[in-house]
Amino acid sequence: MRQNHRRFRLDVWGWTTITILLLYGLFLLYPLGLLLKMAFSDGMHFTLSHFVRFFSRPYYSITLINSFKVSFMAALLSVLVGVTLGYFMSMYQIAGSRILRMCIVMATMSAPFVGAYAWIMLLGRSGVITRFLSGLFGITMPNIYGFNGILLVFTTQLFPLVFLYVQGAMSKMDASLLEAAENMGCTGVKRFFTVVLPLIAPTVLAGALLVFVRAVSDFGTPMLIGEGYRTFTVILYNEFVGEVSQNKGFASAISILAILITMVVYFSQNLAASKSAVSMNVMRRIEKKKLRGLSAFLVHLLIYAVVFISILPQLYVVYTSFLKTSGQIYVKGYSMQSYANMFSRLGRSIQNTLIIPALSLLVVVLLAVLIAYVAVRRRNALSGAVDMISMIPYVIPGTVVGIAMISAFNRKPLVLTGGMLIMVVALVVRRLPYTIRSSVAILQQIPLYVEEAALSLGSSKLKAFFEITLPMMAPGVFAGAILSWVTLISELSTAILLYTGRTQTLTVAIYTQIIRGNYGIASAMATVLTVMTFISLLLFNRISKDGDITL
Amino acid sequence: MSKITIKEAKKQYGDVTVIEGLNLEIRDGELFTLLGPSGCGKTTLLRMIAGFNSIEGGDFYFNEERINDKEPSKRNIGMVFQNYAIFPHLTVEKNVAFGLKNRKLPKDEIRRETARFLEMMQIEQYADRLPENLSGGQQQRVALARALVIKPDVLLMDEPLSNLDAKLRMEMRQAIRRIQREVGITTVYVTHDQEEAMSISDTIAVMNAGKIQHIGTPREIYQRPANVFVATFIGRTNVLSGRMEKGTLLLVDTARFSRTAWNGVPDGPVQVSVRPEEFVIHPLSDGAEGLPAVLKDSVYLGLNTHFYLRLSSGDAVEVIKESVLDDTLHPGDSVILTLKEEKINIFSEDGSKNYLR
């Protein structure tokens with residue numbers, strides 16, 4: 001494509017670029033700058049004392065290592081599981097593969113802390129499976145709390161990301177590549193390692209990065225199941241909202257460190273991915289083969305086992321929501337009691353869970369499409385800056401975004417805290433990088449000359465965009481929006497910092513009920529959330545032609 | 001309707017100058033073709049006229065009006081793109097009506113004009129279809145109707161036939177030529193296919209490396225090409241080095257040819273372009289005087305037979321002759337080649353100037 005717009009021009013798109021830049025300045029750069037300032041200040045003067053305190057006390061410094069360790073392992077395991085499943089399901093005919101895919105997507109689309117909560121109910125000290133096994137066989141289950149538990153939750157919940165990436169990459173691989181390899185005597189496992197894996201490596205790395213970023217910024221899982229294994233998101237939360245001691249400067253310092261770590265991982269991934277980048281041209285897609293005999297059995301067994309384990313937490317949560325409770329304890333029998341009790345505690349949660357994500361989504365889609373447009377079609381220094389700034393939130397954990405927002409907007413000149421707007425702003429900032437990337441990809445598929453045709457026929461620039469380019473982008477953008485919607489309704493890390501009684505969302509309500517020990521109510525609420533997610537995904541499957549999910 | 005005048009046009013991508021000091025005049029109502037190898041700057045120039053490429057220097061005029069700083073949407077051009085650029089989410093009819101709607105014409109006029117052009121392009125039966133259900137040739141017709149219905153001052157066509165198969169290409173060539181004459185619109189047509197250019201154009205500008213090499217009618221360009229590049233790019237030719245001495249051309253040291261028309265050619269080394277059909281093959285027994293050569297190979301193509309020969313200088317030449325029923329020539333035979341002197345072209349030693357123009 002000809003690069004034709006290197007110079008900045010103050011036309012409609014020039015103004016759009018400037019407006020977006022100003023918005024980013026106010027809602028991202030200003031809060032982050034403030035965070036940086038607080039990290040290096042004791043209220044009056046420049047100081048390094050927060051950093052010194054962090055590194056001199058293992059109680060704190062260990063959390064960074066913990067976060068990194070568990071997230072790295074989660075990424076590694078997710079790659080292992082995701083690549084295996086993705087490869088098998090792209091290469092072979094698997095019975096019920098549509099349903100399996102749906103389950104895998106469901107597994108990743110729920111809030112991670114709900115998974116953690118379910119695993120505690122299953123494998124915890126008094127979990128069902130734990131008691132069953134020890135009662136029957138005297139087997140003691142390995143400790144679910146701490147590192148193991150977090151890793152289990154992260155892996156079962158995040159491997160689908162790698163899985164979806166791999167399936168995407170495999171669908172872009174030409175069947176003749178595999179046949180050529182086979183022709184030269186390279187088959188099976190050898191072909192996988194010498195041909196397939198190198199070709200999908202960049203995609204796998206991108207998936208691994210996404211897993212790492214999600215894991216490292218997750219707050220609810222380590223909070224619930226981590227116990228002694230503290231990650232930095234946990235102490236960040238405690239330091240910032242802690243009842244014992246509040247130290248905002250210190251929390252800011254930890255935030256800065258967390259951003260730095262994620263950035264290092266982000267850039268090393270980018271480097272590795274760019275080195276292994278290949279371009280593929282698919283003429284003929286890989287045709288799925290039918291497996292026979294033992295190998296068919298083993299492959300099916302593996303896939304079904306993995307999918308079952310990853311969907312089990314949600315199934316169990318739904319199951320427990322129908323159990324009879326007495327106070328906080330489950331008793332024998334089934335009832336709708338938890339649902340009845342739920343309503344009094346919901347407040348405005350359900351409305352909020354519809355309104356806040358819906359508003360955010362509207363803004364996200366609008367901004368993402370505009371940003372993608374200026375970044376792809378109006379390349380100049382300024383739009384390049386917008387493109388770069390828009391990616392910053394990708395490496396910022398949700399908790400940090402929350403802290404930055406509160407710090408910036410709980411004071412004059414702009415007071416937003418306590419309202420719905422600040423939650424919308426935070427969600428928009430967090431979700432934008434993903435939607436921009438997918439919009440950019442969609443836009444790159446639309447040839448420039450279609451728009452030029454509209455201009456040559458007398459359309460104004462804005463009209464050409466809204467009447468031609470946007471409608472052509474719409475199906476892809478809309479499918480992406482549904483997935484964004486699902487992520488937004490299950491968001492916790494930012495909401496937990498920004499919510500007030502009026503703006504409490506369903507995830508916050510679930511979290512609160514779990515913390516208070518009202519498991520029945522928590523399960524009922526989580527079931528409501530699961531149903532919302534499920535309906536959204538069904539809608540997505542309807543709309544998206546090939547059911548391809550990109551995140 | 002407009003004539004187009006381009007003065008000292010300049011195009012830069014970053015530090016790279018693609019076009020510089022280009023001058024051009026396109027007459028009102030003619031079909032003007034920019035012809036050249038890929039990367040010669042022909043599409044770049046077309047897009048500068050359209051307004052999609054910035055202009056780094058020079059002046060572009062439609063009639064007397066300078067259009068350098070006019071938005072593409074205000075230039076009143078119709079453009080047909082290489083990949084048609086049909087809007088995939090709009091029906092054929094809505095595609096064609098798109099430009100009229102932008103001009104805010106009354107509804108019934110839009111409907112009338114759209115119908116007229118759908119009919120002219122013979123696609124009225126597809127009016128309500130989406131473009132994805134149309135063949136390449138039909139999409140091409142939609143693109144043409146859409147470009148013409150707005151009554152543009154200038155029609156720009158960027159390799160419009162390159163995505164069609166050979167048969168359809170011939171058909172569309174005729175259609176484009178017919179409609180262009182019917183509407184009488186100034187048209188700038190870009191192609192790399194010389195046969196297409198020859199068959200369709202009033203005037204051809206042969207471009208290479210950002211420069212116009214030759215502007216002329218198809219006949220002029222083929223018969224008296226401005227330089228060796230044009231001679232080799234248009235049709236096929238054999239380029240031989242020779243010497244002029246007082247109106248006599250010496251080829252391969254020994255063979256002499258002369259013509260009174262050559263008297264003005266300065267003495268010294270020259271390059272000579274002899275097209276394959278401008279050689280005549282004589283058997284040794286004829287006793288003709290000319291270039292001695294040995295037949296290496298021949299290819300029978302029905303109407304014509306191509307002969308591949310080697311001159312005594314070692315140069316390989318190609319000769320095309322109308323096929324005869326019983327060819328007596330065989331590889332290895334020695335022959336004499338003579339020239340159709342009135343047709344060949346003599347260029348300066350560096351190939352930049354045709355002495356016979």
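Q: How many residues of chain A are in contact with chain B?
A: In this predicted model, 21 residues of chain A are in contact with 25 residues of chain B. Contact means heavy atoms within 4.5 Å.

Q: And how much area do chain A and chain B bury between them?
A: About 2,100 Å², with 57% of it on carbon and sulfur atoms. Buried area is the accessible area (1.4 Å probe) that two parts lose on being put together, summed over both.

Q: How many salt bridges are there between chain A and chain B?
A: Two. A salt bridge is a side-chain nitrogen of Lys or Arg within 4 Å of a carboxyl oxygen of Asp or Glu. The side chains of Glu452(A) and Arg47(B) form a salt bridge, at 2.6 Å from N to O.

Q: What about polar contacts across the interface of chain A and chain B?
A: The rule finds seven residue pairs in polar contact there, both residues at pLDDT 80 or more. A polar contact is a pair of N or O atoms within 3.5 Å; within protein, one must be able to donate a hydrogen and the other to accept it, and residues adjacent in sequence count only if both atoms are side-chain atoms.

Q: Which element gives the largest share of the side of chain A that touches chain B?
A: That is α19(A), with seven residues. Helices (H or I, at least four residues) and strands (E, at least two) are DSSP runs, numbered from the N terminus.

Q: New topic: how is chain A divided into domains?
A: Domain 1 of chain A covers 13–36 + 322–380 + 417–551, and domain 2 covers 48–111 + 141–314. Those bounds come from an automatic or database domain assignment. The C-alpha centres of the two domains lie 22 Å apart.

Q: What do those two domains of chain A share?
A: They bury about 2,300 Å² between them, and carbon and sulfur atoms give 72% of that. The count of salt bridges between domain 1 and domain 2 of chain A is zero. On the side of domain 1 that touches domain 2, α23(A) has the largest share, six residues.

Q: Now chain B. Where is Thr248(B) found?
A: Thr248(B) is in strand β12 of chain B.

Q: Why does Thr248(B) count as buried?
A: Because its relative accessibility is 17%. Buried means under 20% relative accessible area, exposed over 50%, and partly exposed in between (1.4 Å probe, protein chains only).

Q: Which strands pair with β12(B)?
A: β11(B) runs antiparallel to β12(B), joined by four bridges, and β13(B) also pairs with β12(B) in the antiparallel sense over four bridges. Two strands pair if DSSP finds at least two bridges between them. Met244(B) has Leu249(B) as its bridge partner, and Leu250(B) has Arg256(B).

Terms used: Residues numbered from 1 in each chain as written. Chains lettered and ligands numbered in written order. Predicted model: local features only at pLDDT ≥ 70, side-chain atom pairs only at ≥ 80, totals over all residues. Heavy atoms only, no water.
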